[in-house]
Amino acid sequence: MLNALGVIVSGRLVQTDFQQVSDAQFLINIPEADNVNHVVVFLTGTTPFPEGMAGAVYFSWPDPSAPPNWQLLGFISNQKPSAIFKISQLKKLHELTDSNAGNIFGSNLPISHIAQIGVSIEPEASLVQQTPVTTTTDTYYQFGQKMLENFFNFVSSFSISQSQMVPNPQETFVPLSTVQTWFTNFQRRLEQNPNFWKS
């Protein structure tokens, strides 16, 4: 399988120099990954996956003090021999969350100072049921966005003008403009990093 896998990083030559780390696991280094937005992982066509198997594609950002922490991007198969994966948001996600995969390629790997892509040959039926980390990120963003809109609409429905206010010493009032400012700031931070609220 060593010559059967390839990676394309935009603006760079095709990489096919995967290293075999076990019978069904392969790694490749992605130098200078901080400015990489997308990667393409593909089968070269020389050797197909065994029947019923596919390649789970994992990504790991370098951590100078720990072994690689793998995040599932998705998979490739004989029926889907290539896939494009967005990795630009994964560094922030790596810094804030535990990944689904953890140390899938073994804890005995040395600490890496460059990003890595790992391909693990696994049963296709189980890979189809797994949720890639990028899908989870999109779901967090969508949930946060809907929650913010719902909260703002709810609070706005109780708004009254100052002339309509009846003095009540037991009640505390917050200007709607303050809620609007919070809403705008939270929405901006959510767009930049859907997991910022975890830190």
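User: What makes a residue count as lining a pocket?
Analyst: A lining residue has an atom within 4 Å of a point of the pocket, which is an open set of grid points. In this predicted model, Phe 154, Val 155, Phe 158, Ser 159, Ile 160, Met 165, Phe 173, Val 174, Pro 175, Leu 176 and Val 179 line the largest pocket. The volume of this largest pocket is about 300 Å³.

User: Which helices each supply at least two residues of that lining?
Analyst: They are helix H3 (133-156) and helix H4 (176-192).

User: How many residues of each class are in the lining?
Analyst: The lining has 10 nonpolar residues, 1 polar residue and no charged residues. Val, Leu, Ile, Met, Phe and Pro are among the types that count as nonpolar.

User: Why do strands S2 and S6 stand at the edges of the sheet?
Analyst: The open sheet has 5 strands in the order S2-S3-S8-S5-S6, with antiparallel pairing. Strand S2 (19-22) and strand S6 (71-76) each have a single partner strand, so one side of each has no neighbour in the sheet. From one strand to the next, the twist averages 30°.

User: How do you know that S5 and S8 pair?
Analyst: Two strands pair if there are at least two bridges between them. Strand S5 (residues 53-60) and strand S8 (residues 115-123) have 8 bridges, so they count as paired, in the antiparallel sense. Val 57 stands opposite Val 119 in S8.

User: Why is Pro 50 called partly exposed?
Analyst: Buried means under 20% relative accessible area and exposed means over 50%. Pro 50 has 44% relative accessibility, so it falls in between and counts as partly exposed. Pro 50 is in the loop between strand S4 (38-43) and S5.

Definitions and conventions. Residues numbered from 1 in each chain as written. Predicted model: local features only at pLDDT ≥ 70, side-chain atom pairs only at ≥ 80, totals over all residues. Heavy atoms only, no water. 1 Å grid on protein atoms, 1.4 Å probe; cavity = no way out; pocket = protein on both sides within 12 Å on 5 of 7 lines; lining within 4 Å. Points joined across faces, edges and corners; volume = space filled by probe spheres on them. Helix = DSSP H or I, 4+ residues; strand = E, 2+ residues; numbered from the N terminus. Axes fitted to C-alpha atoms, helices over the stretch in contact; angles between N-to-C directions. Buried < 20%, exposed > 50% of the residue type's maximum accessible area, 1.4 Å probe, protein only.
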